[in-house]
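Subject: Structure for you to look at

Hello,

Here is the structure I promised to send over. My notes on what turned up in it follow below.

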Amino acid sequence: MTKLYLFVRRYLAVFLVFGALVSFAQQSVSGKVTGADDGSGIPGVNILEKGTTNGTVSDSDGNYRISVGANATLVFSFVGYATTEVSVGSQSVLNVSLQSDVTALSEVVVTGYGSQEKKEITSAVVQLTSKDFNQGNVNDPTQLLQGKVAGLSVYNRGGDPNSSATVRLRGISTVGANVAPLVVVDGVIGASLDNVDPNDIESVNVLKDGSAAAIYGSRGSSGVIIVTTKKGSKKGGGVSLTYNGYAAAATPFRTLPSMTASEYKAAGGNDLGSETDWQDEVTRTGMSYVNNVAISGSTEHTSFRVSTNFRNVEGILEGSGFDQINTRANLTHSALNDKLKIDMNMSLTNRESNFSFNEALRYAALFNPTAPIRFDNGDYYQAILFDNFNPVAILEQNSNTGKRKTMNYNFKLDYSILDNLVVTANYAQQYEDNINQQYYSRNSLFRGLNRGGLAQKYTSDNKFSLFEAYATYNAAFGKSNLDVTGGYSYQVSQFEDYTTQLGNFPSDALGSNALETAGDILSGLPSLVNVSSSKSPENKIEAVFARFNYTFDQGVFVNASVRREGASKLGEDNRYGIFPAAGVGVDFLRYMDIPAMNTLKLRVGYGVTGSLPNDSGLSQDLYGYSFSNGGAVTKTRDGNKDLKWEQKEEINLGVDFGIGKKLSGSLELYTRNISDFILDVAVDQATFPSGRQTQNAGELKTNGIELALNYDAIQLGAVKWNTGLVLSSYSTELKSFIIDAQTRAELGAPGQNGTNMVRVAVGEKLGQIWGPVFTGVTVDNPATTDRNEAGSPIFADLNGDGVVKAAQGSALAPDGDFKELGNGIPKMEYGWTNQVTFKNWDLNAFFRGAVGHSLVNNFRAFYEPIDPGAINSYNRITTDKAVDGLTVAQYSSLYVEKASFFKLDNITLGYNFPMASKGVRNLRAYFSVQNAFVITDYSGIDPEPVLADPGPSDNGGFQPASADVLAPGIDRRNSYFQSRTFTFGVNIGFN
């Protein structure tokens, strides 16, 4: 795959650009396309020589030029205008005026199991098309949406190319289930976004509230993202080819402020005779190359599109990145006098990743800057110290790679029994296989030396099948329009995995590819051999559903739906649930005249959705086997036959408005109550022998507000500027839980085990960062502190009892000397889009930010105080927040920082070349900068919120597998560095 990719990367763009420059001697026709309403030029009009694939598009002023054959007829088409055909004859100048098409102006929005005109929708739904997407080096489809939808939080802190973004819709929606929105791709529920290349996405619809998502039942609580991929050209459109390609260079943008070698020596550090910038040694300029080729076309009854995407992506951490090939195909065919429509989709992705080791970035900030990378004999320099490893050796001695293959397909049939009655059937399957393997050299102090080499191999297989059938009936009578849908859904999924960890290898030559050579196998010690496997039963979800849409007088809109769904993951006494929804909307301008407004619509919706557990078998007894004492089987969890889905009830009030011809927007107010979390709880062993059971417990309440504005700021001749702003804010309160209060998110080692940083308490807001308040430094060992040494921190006596104790662990500081130091959840998030066009030029500047959240800077909490003993072995973090004389590292308010930020996330300048070639439809070149600048007071690597805590790791240990969604705001020490990316690309369309 790599060789094929390198060939494509080197030569494909050259061939295509060369082809774009070829012109043909034909009759030349030029002119201007204007709108009949105001006479202004219309940019982007498709102009096609009828009966051929020869075409072009109008520029930003509506001007065009095209070479055509004899007796040609030109077809002019553009969204919102009636298609117009004009005979060229002998004319060399042909100006055309297009009439508005009222029908075309009715925007259609994809919703669950169908679509509606935007004006008819009563719920909170946002549609984005390709013109709205983020630009630049985008390798994850969720990055297209970042900052574009009010209430949708998308964060990929640092920009690790192998990590998935954290996605939340209207905050936390569950504690014990899936917190990310449900994804639906081309009608396939649960399809993988990893199998969709960003270049192939036509539109994305986000169902934000309960009334919109309830049609998806027990998987809709976290919201729904509906992805529609690109399809073939319209009927009779001929065959066309498009190429999109770019090269991108990513450089480290924000690094850790650790001491230089000279600063380290001046502070008393141990001088080993060298000067090494460890952060520079483990980072690089990451080069990425992306090529997308798509062929589409159509005949009278058939249309198709086939695309192939090649991605070779490097991260700024040495070794990190991936190679990926993705292919997607779509075929649509009409038969039986267009009564039958057959739609087939298939996608395949093959990805090979090098995950590298984020820990190298951590230790690059801590390793002695006067140490050499290697000794004179070539061996890596390494001191035997706790939690201290040569970062270059971590990268060069060890490997951390993975392979993933994902394939899905679906067949969809639509048959029109009557003109107003359509029956639909959809069948889909998806398969995903993963192989991840790590190997740590026999000579690697980082995880390998003590085991004589260490290998870990993980494989997994995940698959599902989906069948759905439904009928849609619509009718119009008098002033009423009715649309009714009813159907059946059945989905079955299964997962299995296998993990092996072995050590004591005779050689590093084969690594994890020769597990049978591990000496641990021959040791006879089960504790050295780590083998685990699992296989789920067939997890089944079965449902019937119905939806009712009613419109009266084109001004009153009523939507309702209900879904009855059962899931085999739940207890046998509670497998089925009912999820209703209803909404009403009124277009006030239909019944009143407000001269300043062109839109004023009020919407209100109510919906019930659910969440299913991630794991299978939680309602059943669980047993474990131990090799101790000759082997024993013990019950580790008692089953719960009453286990049911988590439930969310949500009310949404929305207003859509438009003022004049320039300003439009929407305002959303919502409240949601989430109950019956699926949690592992301690139970009475007298009744339940294991002492553990999965139960439904707890309740959250969230209130929020969202605002979206769009403004056509300037329309002066060739200059046009459109700007858009989205704002969102929410607050979540814990109404009930399995315990009244607790602290969590342990800081970790060295020296701060048992120090928890986040408080979770009933009746209080989520996200509280909790701890003692720093007031100064001990200089004369007063008896008022619990650490009698100079350089220790002094904490505030908040309750005035004369005793100050920085309580640690899960205790809640019984002397009352802890308080809320900040909150990990932003008070407001926003995105600001600006699109400027001037003739053939276009400029897109996108700003993004968050206000009011805090982060616990773990690097400062461990490594900022200059301990005279530790400085001999560990480098220090230096910031303007450091306190003179402080030598003892102990968590407090000193390390909790406000992390509000404002950034220019992306700025792109593009140019559309005028085309006079018969074979080339369009040619655009662009240059983009991502992370152009960030304004923040946060001293850490990345000020973006941490919405879930990944947990501590130290001394080469592995980070926990799952993150704690109840502990936001903890900036751990394994964060990937931020990067600034420069991208140059071209888009070419061939006829």
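The charged end of R447 sits over the ring of F958, 4.0 Å from the ring centre. Please keep in mind that this is a predicted model. F958 also belongs to a cluster joined by ring pairs, together with F357, Y363, F389, Y440 and F446. A charge sits over a ring at R351 too: its charged end lies 3.5 Å from the centre of the ring of F322.

Now the aromatic pairs. A pair of aromatic rings is described by the distance of the centres and the angle of the planes. Searching the whole structure gives 27 such pairs.

Take Y113 and Y470. Their ring centres are 5.4 Å apart and the planes meet at 75°, so this pair is edge-to-face. The cut-off for that label is over 60 degrees.

W278 counts as buried at 2% relative accessibility. F367 is buried too, with a relative accessible area of 1%.

Next, the empty space inside. Rolling a probe the size of a water molecule over the atoms shows where empty space is left. The whole structure has nine cavities of 30 Å³ or more.

The largest cavity has a volume of about 200 Å³. Its lining has 19 residues, and Q116, S123, S211, A212 and R547 are the closest to its centre. Which elements give two or more residues to this lining? They are α2 (210-213), β27 (539-552), β28 (556-567) and β29 (576-587). By class, the lining of the largest cavity has eight nonpolar residues, 10 polar and one charged.

The second largest cavity has a volume of about 140 Å³. It is lined by 18 residues. Nearest its centre are G147, L152, Y155, E829 and Y830. At least two lining residues come from each of β11 (152-155), β36 (719-736), β43 (828-838) and β44 (841-851). β11 supplies the largest share, four residues. This lining divides into nine nonpolar, seven polar and two charged residues.

Last, the chain as a whole. It has eight helices and 50 strands. Its C-alpha atoms fill a box of roughly 95 × 65 × 60 Å along the principal axes.

Best wishes

How values were computed
Residues numbered from 1 in each chain as written. Predicted model: local features only at pLDDT ≥ 70, side-chain atom pairs only at ≥ 80, totals over all residues. Heavy atoms only, no water. Phe/Tyr/Trp six-rings, centres within 6.5 Å; stacked < 30°, edge-to-face > 60°. Buried < 20%, exposed > 50% of the residue type's maximum accessible area, 1.4 Å probe, protein only. Lys NZ or Arg CZ within 6 Å of the ring centre and 35° of its normal. 1 Å grid on protein atoms, 1.4 Å probe; cavity = no way out; pocket = protein on both sides within 12 Å on 5 of 7 lines; lining within 4 Å. Points joined across faces, edges and corners; volume = space filled by probe spheres on them. Nonpolar A, V, L, I, M, F, W, Y, C, P; charged D, E, K, R; others polar.
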